[in-house]
Amino acid sequence: MWYHKPVVNKELLQSLPNLRIVASSGVGVDHLDLNLLSSFGVKVSNTPFIVSTDTADLGMALMLASSRRLVEGHEMAVSPDTEYFPADWLGAEVSGATLGIVGMGTIGYKVAERAKGFEMKILYHNRSQRKKEEENAVGAVYCKKIDDLLQQSDFVLLTVNLTPQTHKLIGKRELELMKPTATLINISRGLVVDQDALVEALQNKVIKAAALDVTYPEPLPRDHPLLKLKNVIITPHIGSATKKTRRIMMEEMTESIQAGLAGLPIPHEVL
């Protein structure tokens, strides 16, 4: 499966009685009904670890691009109407700012490692607290309550799996807790954010900006209000989109398929 296609539903499973395994690219398996697949005796694999480095890199890239207004700056620099560069055209500082990471798994921790190089103050909210030595290595402070993180952060970066618990985790209430100067960065899944509430918050300056690698749907309808806002950067779900990583993802999926057909233990099986 690539980009969640084909759709694996009951009809497909009934039409493929010899199906043994579904190998899905990437980390998330929210597009798969694991109970349904199990009832048909079909196993599932994904490629969870190889994507983490590139996705963390993209998270930092979105934070830097949004804070320094790179897209707007490029448009100004190449516009045929530009006669001079205004002196009061300013971005926001990243170095020394507070980054709140929601979801400190492999990707979230790699983001923290990178943010440490920018001398950022790092807060994180997670289902469970990381080991003290892991926290100390990146200078991260655990926030048991997400509200505390939202209220203190200059940048809020989302890197959680999409589950019933994280569906629209960031909504109107959460956005209103954030600083009016804060930026929301989403590199997880579009449905982790209430998109209507986000549009309203951006239009009304409840928060300063958003940088999104994921939306719902993907791509957005061409008349969607998010596409018209200057304080939004959207990329086409490219967290893992480097040549090396995509090749390794394909290799891992092939290895899982071969193992599944041979009756051997499946690398990265999703249970």
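Reader: Which elements do the buried residues of α5 pack against?

Author: In this predicted model, the buried residues of α5 pack against α3 (52–67), β3, β4 (121–125), α6 (132–138) and β6.

Reader: And which residues of α5 are buried?

Author: Helix α5 spans residues 106–116, and its buried residues are I107, G108, Y109, V111, A112 and A115.

Reader: You mentioned β6. Which way do its residues point?

Author: Strand β6 covers residues 155–158. F155 and L157 point one way, V156 and L158 point the other way, and all are buried.

Reader: Why two directions?

Author: In a regular strand, side chains alternate between the two faces of the sheet.

Reader: Which strands pair with β6, and in what sense?

Author: Strand β3, residues 98–102, pairs with β6 in the parallel sense over 4 bridges. Strand β7, residues 183–186, also pairs with β6 in the parallel sense over 4 bridges.

Reader: A change of topic: what does UniProt place at residues 2–270?

Author: The unreviewed UniProt entry places the feature "domain: D-isomer specific 2-hydroxyacid dehydrogenase catalytic" there. Over residues 2–270 the chain is 36% helix and 13% strand, and the end C-alpha atoms are 16 Å apart.

Key: Residues are numbered from 1 along each chain as its sequence is written. This is a predicted model: local features need pLDDT of at least 70, side-chain atom pairs count only at pLDDT 80 or more; totals for chains, interfaces and linings use all residues. Side-chain values use heavy atoms; hydrogens and water are left out. Buried means under 20% relative accessible area, exposed over 50%, partly exposed in between (1.4 Å probe, protein chains only). Helices (H or I, at least four residues) and strands (E, at least two) are DSSP runs, numbered from the N terminus. Two strands pair if DSSP finds at least two bridges between them. UniProt positions are given in the numbering used here, feature names are shortened, and annotations may be inferred rather than shown by experiment. Contact means heavy atoms within 4.5 Å.
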